[in-house]
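User: Hi! Could you walk me through this one? I'd like the overall picture and then some detail.

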Amino acid sequence: MVSEQQFKAELQNGRMIESVDEMTDGYLDALKTILTVSGDTELMSAPAYYDQSLNAPSLNARTSCVSVIQDELGHGHIAYRLLEDLGVDREELIYGREPHEWRNTYGFDQPIENFAELVTAHGLFDRAGIVLLGDIHENTSYAPWKRALTKVSKEEQFHLRHGETWMRRLARKNDKTRRKLQEAVDWMFPIAIEWFGLPDDKKRHDDQLEYRIKGMSNDELRQAWMDSTVPLCDELGIDIPAHYDEESEEYVLEYDLPVAYDEENKEWLFDEPISWSDVIDRWRSRGPANEKYVNMIQSGKVEPAA
Ligand SMILES: [Fe+2]
Ligand SMILES: [Fe+2]
């Protein structure tokens with residue numbers, strides 16, 4: 001077996017991995033971690049999207065919403081199937097964990113309480129998924145995941161288009177729908193910004209990058225997300241706390257990341273700075289809808305694909 005350093009160098013030079021016997025322990029651990037976060041995030045988006053899908057304003061919209069949910073269950077299944085090949089028990093993953101043990105992104109621990117919030121989740125959160133998985137699809141050294149993501153990427157594009165179409169409609173329909181959209185963006189935009197994690201200058205080493213399980217750093221991914229989200233919100237006349245800075249040639253936030261979040265009122269406290277370890281504590285304590293969503297999956301109310 002080559003040294004860990006040599007192994008990482010080969011991966012950086014384009015070496016692809018097909019199975020467990022080609023991995024070091026470090027690679028296997030890093031891959032399991034990111035696949036669990038990805039699978040949990042896909043699966044938990046399904047119950048998060050469920051209630052308001054039934055509340056969509058037309059039969060057409062409802063059909064699209066429900067097919068998004070079906071896709072997300074399928075995406076969760078793909079990640080868990082890959083984990084099974086790494087020796088993880090899929091039944092245990094889905095049915096054997098307590099709600100607080102799930103590793104999905106914090107955004108899908110939040111209640112989605114009206115149709116504007118649902119389509120904003122498609123426009124902002126599914127877009128974050130596309131940015132994260134698009135990077136993996138293009139750059140990952142784990143060949144089975146790269147192949148599986150071809151199908152996932154196509155479906156995510158449909159989720160995003162559905163979200164953007166409805167965000168446009170709500171922005172233009174009347175003052176009330178525009179206000180609902182603005183209120184949704186107000187709490188969801190900073191959640192998505194936080195989702196990409198610690199800034200690069202605070203993150204000393206990143207196994208997922210060193211093993212080329214992913215290719216882009218947290219800040220590059222955050223910029224890529226803002227690169228399409230900020231122009232969309234500008235076009236719709238929706239206020240966001242970010243803009244493009246000509247001088248530095250990048251998107252900049254108009255607040256000091258990270259800040260406190262009042263979960264009950266869905267309100268960001270922009271003048272209450274916190275540390276990244278506070279953010280990680282908040283994520284680990286899970287959000288207000290975590291138990292409800294895990295129960296929906298585990299009780300079979302929203303069935304994962306078999
Ligand atoms: Fe998905
Ligand atoms: Fe999606």
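Analyst: Happy to! One term before we start: the expected span of a helix is 1.5 Å times one less than its number of residues. Also, please keep in mind that this is a predicted model.

User: Good to know. How many helices and strands does the chain have?
Analyst: There are eleven helices and four strands.

User: And what is the radius of gyration of the chain?
Analyst: The chain has 19 Å, in agreement with the value near 19 Å for a compact globule, because that is what 306 residues would give. Along its principal axes, the C-alpha trace spans about 65 × 50 × 35 Å.

User: What share of the residues is buried?
Analyst: Of the 306 residues, 36% count as buried. As for contacts with a separation of 6 or more, 72% of them come from residues 24 or more positions apart.

User: Let's switch to α9. What does its span look like?
Analyst: Helix α9 covers residues 218-236, 19 residues in total. From first C-alpha to last, α9 reaches 27 Å, close to the expected 27 Å.

User: Where does α9 bend?
Analyst: At M226, by about 30°. M226 is also one of the buried residues of α9.

User: Which others are buried there?
Analyst: Besides M226, they are L221, R222, A224, W225, T229 and C233.

User: Last one: which residue follows α9?
Analyst: That's G237, with a positive phi near 70°.

Key: Residues numbered from 1 in each chain as written. Chains lettered and ligands numbered in written order. Predicted model: local features only at pLDDT ≥ 70, side-chain atom pairs only at ≥ 80, totals over all residues. Helix = DSSP H or I, 4+ residues; strand = E, 2+ residues; numbered from the N terminus. Rg over C-alpha atoms; globule rule 2.2 N^0.38 Å. Buried ≥ 20, exposed ≤ 12 C-beta atoms within 10 Å, placed from the backbone. Contact = placed C-beta atoms within 7 Å. Bend = angle between axes of the 7 residues up to and from the residue.
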